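Work through the exercises below with the sequence and the model side by side. Try each task before you read its solution.

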Amino acid sequence: MNNILITGKPGVGKTTLIRKLIEELNLDAGGFYTQEMRIGGRRVGFKIITLDGEESILAHVDIKSPYRVSKYGVNLEGLEKVGVESIWRALEENDIVVIDEIGKMELFSPRFKEAVNSALNSDKIVLATILLAPNPYTDKIKRRQDVKLFYLTQENRGKVKEEIKDILQQLL
């Protein structure tokens, strides 16, 4: 059971939880997380930030792209150059592959899906967040025998963090 996935409503703290786990356990992790971009309190997009400090814009209100999620144009090139490459790098160099997130924007990229599948099928530990809403690709991942899926809420955050910590400490 080396694939640990976290799902939950937007804004519940999935990314924060992953970042805390990496920090508190001093994990040898690679991969990426996403972060909101805000201007004057208004969300205008999302960035990808790799655990070794590379950044790219994942989606933005000003991006003209055939790939759209609500008001955001998705920057597939940035996702693939920074996000996908960080997954491949983590598979080679780290104990843990962080993918935040396996979500609507990222699923436009066949190269992203290929990297995710390789990570999930590897013997590395995968720590990822995954789309809550129904989706054929993510639903199939959630049903895998080698996946432990956590549903995060405001109320269970502390408990889930401790459970994942225990699993990681057993696996490492």
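**Exercise 1: two helices**

α1 passes α5 in a right-handed crossing (the near helix is turned clockwise from the far one by less than a right angle). This is a predicted model, where local features need pLDDT of at least 70, side-chain atom pairs count only at pLDDT 80 or more, and totals for chains, interfaces and linings use all residues. Residues are numbered from 1 along each chain as its sequence is written, and side-chain values use heavy atoms, without hydrogens and water.

Task: describe how α1 and α5 pack, and list the residues that meet.

Solution. 
1. Find the helices: α1 is residues 14-25 and α5 is residues 157-171. Helices are DSSP runs of H or I with at least four residues, strands are runs of E with at least two, and both are numbered from the N terminus.
2. Take the geometry. The angle is about 45° and the axes lie 11 Å apart. Axes are lines fitted to C-alpha atoms, for helices over the stretch in contact, and angles run from 0 to 180 degrees between N-to-C directions.
3. Classify the angle. α1 and α5 are therefore oblique to each other (under 35 degrees is roughly parallel, over 145 roughly antiparallel, 65 to 115 roughly perpendicular, the rest oblique).
4. List the contacts (heavy atoms within 4.5 Å). Leu-17, Lys-20, Leu-21, Glu-24 and Leu-25 of α1 meet Val-160, Lys-161, Ile-164, Lys-165, Leu-168 and Gln-169 of α5.

**Exercise 2: a charged pair**

Task: which residue forms a salt bridge with Glu-24?

Solution. 
1. Apply the rule: a side-chain nitrogen of Lys or Arg within 4 Å of a carboxyl oxygen of Asp or Glu. The count comes to 12 salt bridges.
2. Glu-24 pairs with Lys-161, with the closest N and O atoms 2.8 Å apart.
3. Glu-24 is in α1 and Lys-161 in α5, so the pair ties together parts 137 residues apart in sequence.
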